[in-house]
Amino acid sequence: MELTKSSRQLTHEGALLMLWAAVGAADGLRQPQCVVIVDASGVTIGSLRMTGAKFLSLKSASAKATTAASIGRPSDMIPESARSAIGLATDGQVTGLRGGLPIRIDGDLVGGIGVGSGTGDQDYDVAIAALMAIGAEIPST
């Protein structure tokens with residue numbers, strides 16, 4: 001019987017690199033963003049609201065990151081029919097909004113990133129740039 005397990009962790013250095021990449025991508029789009037990075041258990045390890053980003057988007061970015069880390073898939077993979085109920089059941093911590101992606105390194109789920117304040121496609125593109133900065137797997141959509 002196996003009683004313990006070794007696992008990878010996303011470091012603060014990795015989270016900072018992701019934040020910088022996200023800011024660069026958002027600047028390129030000329031769309032200030034809120035970016036939240038959580039570890040595999042949903043604890044925030046990095047967060048930033050760019051100047052000019054909508055302050056409430058920090059909440060949606062957090063929910064997107066938590067959702068992606070929890071389900072190991074993009075946040076918009078939550079079925080449309082379940083979105084309202086699961087949002088209520090989790091006090092808004094789970095969402096089906098686009099812009100949340102799991103962070104996987106060599107197949108290991110190490111966290112999630114959530115981006116908010118732009119369109120869903122802008123949020124997704126900024127999250128992809130952050131994943132690429134650390135060599136994380138790009139999820140298929």
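**Close-up views of a predicted model**

**Figure 1. Helix α2, whose 15 residues should span 21 Å at 1.5 Å a residue, has end C-alpha atoms that are 21 Å apart, which agrees.** The expected span of a helix is 1.5 Å times one less than its number of residues, and helices (H or I, at least four residues) and strands (E, at least two) are DSSP runs that are numbered from the N terminus. The structure is a predicted model, in which local features need pLDDT of at least 70 and side-chain atom pairs count only at pLDDT 80 or more, while totals for chains, interfaces and linings use all residues. Residues are numbered from 1 along each chain as its sequence is written, and side-chain values use heavy atoms, with hydrogens and water left out. Just after α2 comes G72, which takes a positive phi of about 70°.

**Figure 2. Four strands form an open sheet in the order β2-β1-β4-β3, with antiparallel pairing.** Two strands are said to pair if DSSP finds at least two bridges between them. β2 (44-49) and β3 stand at the edges with a single partner strand each, so one side of each is left without a neighbour in the sheet. Neighbouring strands are turned by 15° against each other on average, with direction ignored; the axes behind such values are lines fitted to C-alpha atoms, for helices over the stretch in contact, and angles run from 0 to 180 degrees between N-to-C directions. Helix α2 packs on this sheet, where it touches β1, β2, β3 and β4, and its direction makes about 155° with that of β4.

**Figure 3. Strand β4 pairs with β1 and also with β3.** The antiparallel strands β1 and β4 are joined by 6 bridges, and C34 stands opposite G116 in β4. The antiparallel strands β3 and β4 are likewise joined by 6 bridges, and here I103 stands opposite G111 in β4. The hairpin of β3 and β4 has 2 residues between the strands, and D106 takes a positive phi near 50° in it. Because 7 of the 9 residues of β4 are buried, this strand is largely enclosed by the rest of the structure.

**Figure 4. The largest nonpolar core has 23 residues, of which M18, V35, I37, L101, I103, I113 and L131 touch the most other members.** A nonpolar core is a set of buried Ala, Val, Leu, Ile, Met, Phe, Trp, Tyr and Cys residues joined through side-chain atoms within 4.5 Å. At least two residues of this core come from each of α1 (12-29), β1 (34-39), β3 (100-105), β4 (108-116) and α4 (120-133). Apart from this core lies another one of 7 residues, among them V36, V38, A61 and A69. When residues up to four places away in sequence are not counted, the partners that I37 touches include L10, M18, L19, V43, I45, I103 and I113.

**Figure 5. Helix α4 lies across β3 and β4, and runs at about 140° to β4.** This helix has 14 residues and reaches 20 Å from its first C-alpha to its last, which is close to the 20 Å expected at 1.5 Å a residue. Its buried residues are D123, Y124, V126, A127, I128, A130 and L131, and the buried residues of α4 pack against α1, α2 (57-71), β3 and β4. After α4 comes G135, whose phi is positive, near 70°.

**Figure 6. A25, in helix α1, is in contact with V126 and A129 once its neighbours within four places in sequence are left aside.** A25 counts as partly exposed because its relative accessibility is 21%. Although A25 and D123 are 98 residues apart in sequence, they are 9.8 Å apart in space, C-alpha to C-alpha. Among contacts in the protein between residues at least 6 apart in sequence, 62% join residues at least 24 apart.

How values were computed. Buried means under 20% relative accessible area, exposed over 50%, partly exposed in between (1.4 Å probe, protein chains only). Contact means heavy atoms within 4.5 Å.
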